[in-house]
Amino acid sequence: TDSITYAQRIQQAILPTEQVVKKFFPNSFVLYKPKDIVSGDFYWMEQVGSQNFVAAVDCTGHGVPGAFMSIVGYNLLNQAVNERGIYEPAKILDEMNNGLSKQLRQQGDSMTVRDGMDLSLCSFDIKTNVLQYAGANNSLWLVRNNELHIVKADKCPIGTYVGETLKSFTNHSIQLQEGDLIYLFTDGYADQFGG
């Protein structure tokens, strides 16, 4: 337990602080309540020029296995944006899908790890007020004029399995309006209420 508790400190250190979250999105909130000491769910933020990126990610597995996957997912997001200069959400998901498949040897190996992640990823251009979104099984919710609009995710996870081909993700572009509310979440939130 001491080791897992120490791992929790490491995992929490990579999450954006409340100050970073409020800097990017002043009128936002994050609800993060892991079921176990460490978690497979995480959130991620990055800023490049006028683009603010945010993701809500759910890795397969709970506890320690999920936490291992969360570190892999965190690194894949950072590599796609910061090292490879990919800024379109769908292309970032494509890059993550390819990267995870390679890292977990999910192509043509009978000893493959059959794990992956579901996520919602947005980029928001603070100059143009345009939000781009792509999702792997996790949709985006937009509340506009008290009406809920669901932008559907692609029905596939990040991570492929033996014999399957890598699928390209769909990019959605939304011109935001004053008063729009955007919600990203993992299934962990809905699961608290039984489905």
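Two strands are taken as paired if DSSP finds at least two bridges between them. In this predicted model, strands β3 and β4 meet that criterion, with 6 bridges joining them in an antiparallel arrangement. Within this pair, Phe-124 stands opposite Leu-131 in β4. The two strands form a hairpin with 4 residues between them. Asn-129 lies in the turn and has a positive phi of about 65 degrees.

Phe-124 belongs to strand β3, which covers residues 117-125. Its relative accessibility is 13%, so Phe-124 counts as buried, the cut-off being under 20%. Beyond its sequence neighbours up to four places away, Phe-124 touches Phe-25, Ser-50, Gln-51, Asn-52, Asn-129, Val-130, Leu-131 and Leu-176. Ser-173 is 49 residues from Phe-124 in sequence, yet the C-alpha atoms of the two are 9.8 Å apart in space.

Strand β4 also pairs on with β7 (residues 172-175). These strands run antiparallel and are joined by 4 bridges. Here Tyr-133 stands opposite His-172 in β7. Of the 7 residues of β4, 6 are buried, so the strand is largely enclosed by the rest of the structure.

The largest nonpolar core holds 43 residues. Leu-77, Ile-92, Leu-93, Met-96, Met-117, Leu-119 and Ile-158 touch the most other members. Elements giving two or more residues to this core include β3, β4 (130-136), α3 (63-83) and α4 (89-103). Helix α3 gives the most, with 6 residues. Met-96 touches Gly-73, Leu-76, Leu-77, Met-117, Leu-119 and Ile-158, leaving aside residues up to four places away in sequence.

Methods: Residues are numbered from 1 along each chain as its sequence is written. This is a predicted model: local features need pLDDT of at least 70, side-chain atom pairs count only at pLDDT 80 or more; totals for chains, interfaces and linings use all residues. Side-chain values use heavy atoms; hydrogens and water are left out. Buried means under 20% relative accessible area, exposed over 50%, partly exposed in between (1.4 Å probe, protein chains only). Contact means heavy atoms within 4.5 Å. A nonpolar core is a set of buried Ala, Val, Leu, Ile, Met, Phe, Trp, Tyr and Cys residues joined through side-chain atoms within 4.5 Å.
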